[in-house]
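Subject: Structure for your files

Hello,

Here is the structure you were waiting for, with the sequence.

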Amino acid sequence: MSGQIIRLQRARLDAPPQRDSGPAEQRFAEGAPDQQVERLFASRRLLTELEDRRPLRELFPADEAAKLAGAALAWADPEAGAVVLLDAVHLIRYPDGASERWHHIIIKTRNEAGVDACRTLDAPAGLAGDGEIEVARTLKADGRAVEAEKGFGEVAFTDLGPGDVVEIRYVTRQGPIPGLAEHFWHEHTFQHGFPCLKSRFALLAPAGWRADTRLHNIAIGPRLSKHGEWQLEVWEAEKLA
């Protein structure tokens, strides 16, 4: 089947001249790239705590694997080896062009073919120094949770059988790129092979921030909500057979 895709792009051709870097930007420019990104986001987390503000990631919709695991799947092709219960990308775009991106995937296996397809997953690109795997586990049909094995280049769900649920959530971070804070490009595919119960792309950006949006092979509009100086746009599709 053709891919169901959303593409977002923002390019400001009349961007003002670069101003002199401030102290924070000068500190960011010192050190290796991975260390720069780590320091930048550690500073942001510390500032959020000191100012007793709600972490921005909490503005995104919350998903629980245990609840999704019990969802009715009669709508899905019975021959499919697995069903994606959730494929969610949550992206924060900061005013300086830096970004944080969480990808949360939950898959329920239905037969041995699905088990074979989900037993190992490639480790996401970008985790070398500026990201991390937050959750990687198997939820067994009997209620047990078994941690996955994280090796070089892949995540292995060794204790996996039909009816079990695979869950992985990871975050990747990108620091600001001098001169390109006004430029943005992102693409999200809503379905990858297996039937999908819920697929979501959510973008949190400064209030009033806009990007050109193109949808291909799918017709959904965003839900827009305002949160002080931020706005949240959520595109979500359900029961993609």
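**The three-stranded sheet**

In this predicted model, 3 strands form an open sheet in the order E4-E8-E7, with antiparallel pairing. Strands here are DSSP runs marked E of at least two residues, and helices are runs marked H or I of at least four residues, numbered from the N terminus. Two strands pair if DSSP finds at least two bridges between them. The edge strands are E4 (120-122) and E7 (149-151), and each of them pairs on one side only. On average, neighbouring strands of this sheet are turned by 20 degrees against each other, direction ignored. For such angles, axes are lines fitted to C-alpha atoms (for helices over the stretch in contact), and the angles run from 0 to 180 degrees between N-to-C directions. E4 and E8 (residues 154-156) pair in the antiparallel sense over 3 bridges. Within E8, Ala156 stands opposite Thr120.

As for conventions, residues are numbered from 1 along each chain as its sequence is written. The model is predicted, with pLDDT of at least 70 needed for local features and 80 or more for side-chain atom pairs, while totals for chains, interfaces and linings use all residues; side-chain values use heavy atoms, with hydrogens and water left out.

How many residues of strand E14 are buried? E14 (residues 230-240) is mostly covered, with 9 of its 11 residues buried. Buried means under 20% relative accessible area, exposed means over 50%, and partly exposed lies in between (1.4 Å probe, protein chains only).

E14 pairs with E11 (residues 196-206) in the antiparallel sense over 10 bridges. In that pairing, Ser199 has Ala237 of E14 as its bridge partner. E14 also pairs with E13 (residues 223-227), again antiparallel, over 5 bridges. Here the bridge partner of Arg223 is Val234 in E14. E13 and E14 form a hairpin with 2 residues between them. Gly228, in the turn, has a positive phi of about 65 degrees.

Which residues other than glycine have a positive phi? One of them is Asn217, with a phi of about 65 degrees. Asn217 is in the loop between strand E12 (212-216) and E13. Asn217 counts as exposed because its relative accessibility is 53%. Another is Lys239, where phi is near 50 degrees.

Regards
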